[in-house]
Amino acid sequence: MPCKTVIGGLFLLAFSLGVTVLARAAGPQGAPAQAPLVIGVLPEQDLFEQLRRYRPLADILSRRVGRGIELKVLPRYGNIVGSFQQGKLDGAFFGSFTYVLSQQKLGLRVLARPESPDGTSTYHGLLVVRADSGIRGPADMRGGVFAFVDQATTAGYLFPLAYFKEHGVVDYPTHFRETYFAGTHEGVVADVLDRKADAGALKNTVFRRFVSANPEAAQELEILAWSPPVPENALAVRADLDPALTDRLRNALLLLHEDEEGVAVLRRFGAARFIPTTDDDYAAVSAYAKTAGLDLATYDYINR
């Protein structure tokens, strides 16, 4: 077997299990080596795309806080709680629902989230269908196929669950011929476009990136419904992380937009700056979970 084929296969296997990549560390010369911080990244889109997006940010944070940073791109949303419980993560860029779930189970300190160039620091859940599907509401979806993202996502599960209940669909598994979890937001929109699913739920920021890269998709897809806004993915760390290191991380994020190197990294990340974030910013997510009938303290987020 050619060497390139073997290497490629091993690389793909690593990504299927979750991949860890070391950002360039920058500690004082001669100082004793410290274990790198391990920061989790959720699989919103293709794992390679997530790595390309977050790697420059991890590199600059590593240099500015003086500590190596490993990015661990997780294969599934639910892995984030388990990884913290097993001591494998020091922090993560949490989606709004995964943060609320993890805060309930673990206790975390949320630091900052990105603000986009248009001034928004929140996202919406979307329900999307093909424009030629004839679907205008839940009644038209009866007997069809619906694609969720993951049971630990706001846009890809919590929002459609609440939407169905608000429109009289109390037991969604019996309403559809088939439902499944695509694993990524990008996978949902691709499946609807390719007619694998009749409808699906995902976050608007990933939808926007997808149609920007695939302009024909904007004409072929239709947005059926929007959720209320919820906080964009924020960096949170374990509560027992060294307070001085936590402060350096927060400050490094909040000051990125103040110099040319930081602005260049933010531009590649798709942000104008990072802004302070607190638990109060997630009140809408907790309220939305209540509307959907979920008890976050006992919620089983493992996909079936």
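The structure is a predicted model, in which local features need pLDDT of at least 70 and side-chain atom pairs count only at pLDDT 80 or more, while totals for chains, interfaces and linings use all residues. Residues are numbered from 1 along each chain as its sequence is written, and side-chain values use heavy atoms, with hydrogens and water left out.

The protein chain holds 13 helices and 14 strands; these elements are DSSP runs numbered from the N terminus, with helices being H or I of at least four residues and strands E of at least two. Of its 304 residues, 53% count as buried, where buried means under 20% relative accessible area, exposed over 50%, and partly exposed in between, with a 1.4 Å probe and protein chains only. The accessible surface of the protein chain comes to about 13700 Å², and carbon and sulfur atoms account for 53% of it; accessible areas come from the Shrake-Rupley method with a 1.4 Å probe, and for residues only the protein chains shown count as cover. Among contacts (heavy atoms within 4.5 Å) between residues at least 6 apart in sequence, 81% join residues at least 24 apart.

Next comes the largest pocket, with a volume of about 520 Å³. A pocket here is an open set of points on a 1 Å grid over the protein atoms alone, with protein on both sides within 12 Å along at least five of seven lines, and lining residues have an atom within 4 Å of a point. Grid points are joined across faces, edges and corners, and the volume is the space filled by probe spheres set on the points; the probe is 1.4 Å. There are 31 residues in the lining of the largest pocket, and those closest to its centre are R53, T205, R208, R209 and F269. The elements that each supply at least two lining residues are α2 (47-65), β5 (108-115), β6 (122-123), α9 (204-213) and α12 (260-269). Helix α9 gives the largest share, seven residues. By type, the lining of the largest pocket divides into twelve charged, eleven polar and eight nonpolar residues; Ala, Val, Leu, Ile, Met, Phe, Trp, Tyr, Cys and Pro count as nonpolar, Asp, Glu, Lys and Arg as charged, and the others, Gly among them, as polar.

Helix α12 also shows a clear division between its sides. Its buried residues are G262, V265, L266 and F269. They lie on the same side of α12 because they cover an arc of only 100° around the axis, the arc being that of the directions from the helix axis to the C-beta atoms. Turned away from this buried side is a face with the exposed residues E260, R267 and R268. The cover over the buried residues of α12 includes α2, β5 and β14 (273-276).

Just after α13, G293 takes a positive phi of about 85°.

The loop between α8 (185-193) and β10 (199-203) contains R195. Most residues other than glycine have a negative phi. In R195, however, phi is positive, near 70°. R195 counts as exposed, at 55% relative accessibility. D198 is also placed in the loop between α8 and β10, and is partly exposed with a relative accessible area of 34%. Leaving aside neighbours within four places in sequence, D198 is in contact with V128, V129, R130, I135, G144, V145 and V192.

F176 belongs to the loop between α7 (172-175) and β9 (178-181). F176 is buried, with a relative accessible area of 6%. Residues up to four places away in sequence aside, F176 touches M141, G143, G144, V145, F146 and F164.

Finally, I223 lies in strand β11 (residues 221-226) and counts as partly exposed, at 31% relative accessibility. Beyond its neighbours within four places in sequence, I223 contacts L126, L127, V128 and F207.
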